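Here is a friendly walk through one structure, with the sequence and coordinates to hand. Take a look at it first, then read on.

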Amino acid sequence: MAEYGVDRFPLHAPSLEEVASVLEKGLQKNFSEAKVSVVDCPDLTKEPFHLACTGLCGHPRVSDIGGIPYISPFPAMDKVYDLKNVPKWSDLQSSPSVFMVGAGAGPSLFLDGKLVELMSNIRINDGQKIINQSKICKICENGSYLLEEFGSSTECMHLSNIYVSEGKPGKVIQVKAKHRTGKEDFIMALQSALSGHYGTKPVGLGGVFLLTKGKAKIHIMPCYSVTPIGTEEEIDNWLKYFEMSSPLICLGYLMSHDPGWTLRMEHFHCFSKHGDGGHFHFDTTPDDAEYTAYFNVPDYMIRVDQPTASKQ
Ligand code: ZN
């Protein structure tokens, strides 16, 4: 596997209390009820989270690996990344435990030309023992979809967006929001709250959110397109969209601002215990929508294999 360029950029990381207050003001413009506080992280290995590690604390970082230019308009088939390298890329290789959650493109069906949505949920103990609870969601022959365990592979293709920490318990931001009244969806409302307050200082928010009530628009990537997919319309026609049911467990991170690092500004993939999963867009039932989230504020952006054309 190729060695990839890794850039490390410090992020603006205000206190959790300050970020919580900024988020609450923003969410209250878009939800009839919104409360954001700093709490002890619940045990994320338990119901209703089903994650590979207990907490989101200890050197919180985000890793933006590859990018959309490696899939659109033409897929770059040599862009294969091993998430086992994230601890090294993030300077956490000597940590006793590294926990990674996020969204990417899965390689497991690479041989028969299919792409899959990857929900990364991985813990690495002592730099070598891998507990991989990642899932994939793929399009089936009949056009429906299937959520599956990913198995032992830690590879992904083209792009991946990972929130990484030592997985320790500790203080995190808890978000509770229900009944969406505004135009901005949940992710957008969080982003615009941060960008409205912090302007060009890049602030990130990573971890897990649950859509606990209502339904959501989700996409799943099918086989590679035989024609180039460059425009938004071409991408829209290629992706398969579904309305899926809560509860959905969504993993990833969002950013408030891109200082020119070709960032994916938000990326969350979801899974569930009832077979639904994929790339989360927004809730489709604003009256019923209810969210609970646990986030931490990363101190570094790890930019891996930034697409060259857009770097210039
Ligand atoms: Zn995605």
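## The zinc site

Along the sequence, the residues that donate to the zinc ion follow the spacing H-x1-H-x9-H. In this predicted model, the coordinating atoms are NE2 of H267, NE2 of H269 and ND1 of H279, at 2.0 to 2.1 Å.

How accessible are H267 and H269? H267 has 3% relative accessibility, so it counts as buried, the cut-off being under 20%. H269 counts as buried too, because its relative accessibility is 1%.

## The nine-stranded sheet

Nine strands make up an open sheet, and their order is β2-β11-β18-β12-β15-β16-β17-β13-β14, with antiparallel pairing. At the edges sit β2 and β14 (240-245), each of which pairs on one side only. From one strand to the next, the twist averages 30°.

For a detailed look at one pairing, take β12 and β15 (residues 248-255): these strands run antiparallel and are joined by eight bridges. F209 has C250 of β15 as its bridge partner.

Helix α1 covers residues 16-28, which makes 13 residues.

Which residues of α1 are buried? They are L16, V19, A20, V22, L23, E24, G26 and L27. Their cover includes the strands β2 (31-40), β11 (171-180), β12 (204-213) and β18 (290-296), along with helix α3 (186-198). As background, an α-helix has 3.6 residues a turn, so residues three or four places apart point the same way.

Helix α3 lies across β2, β11, β12, β15, β16 (266-271), β17 (278-283) and β18. Its direction is at about 25° to β15.

N296 belongs to strand β18, and with 6% relative accessibility it counts as buried. Its side chain reaches the backbone oxygen of L56 at 3.1 Å. Beyond four places away in sequence, N296 touches L16, L56, C57, P60, Y163, G204, L205 and G206.

Where does K79 lie? K79 is in the loop between β3 (61-66) and β4 (80-82). Its relative accessibility is 14%, so K79 counts as buried. Leaving out neighbours within four places in sequence, K79 is in contact with Y4, Y70, C156, M157, H158 and D305.

Notes
Residues are numbered from 1 along each chain as its sequence is written. This is a predicted model: local features need pLDDT of at least 70, side-chain atom pairs count only at pLDDT 80 or more; totals for chains, interfaces and linings use all residues. Side-chain values use heavy atoms; hydrogens and water are left out. Helices (H or I, at least four residues) and strands (E, at least two) are DSSP runs, numbered from the N terminus. The expected span of a helix is 1.5 Å times one less than its number of residues. Buried means under 20% relative accessible area, exposed over 50%, partly exposed in between (1.4 Å probe, protein chains only). Contact means heavy atoms within 4.5 Å. Donors are N, O and S atoms within 2.8 Å of the metal (3.2 Å for Na, K and Ca); water is not among the atoms, so sites may look incomplete. A polar contact is a pair of N or O atoms within 3.5 Å; within protein, one must be able to donate a hydrogen and the other to accept it, and residues adjacent in sequence count only if both atoms are side-chain atoms. Two strands pair if DSSP finds at least two bridges between them. Axes are lines fitted to C-alpha atoms, for helices over the stretch in contact, and angles run from 0 to 180 degrees between N-to-C directions.
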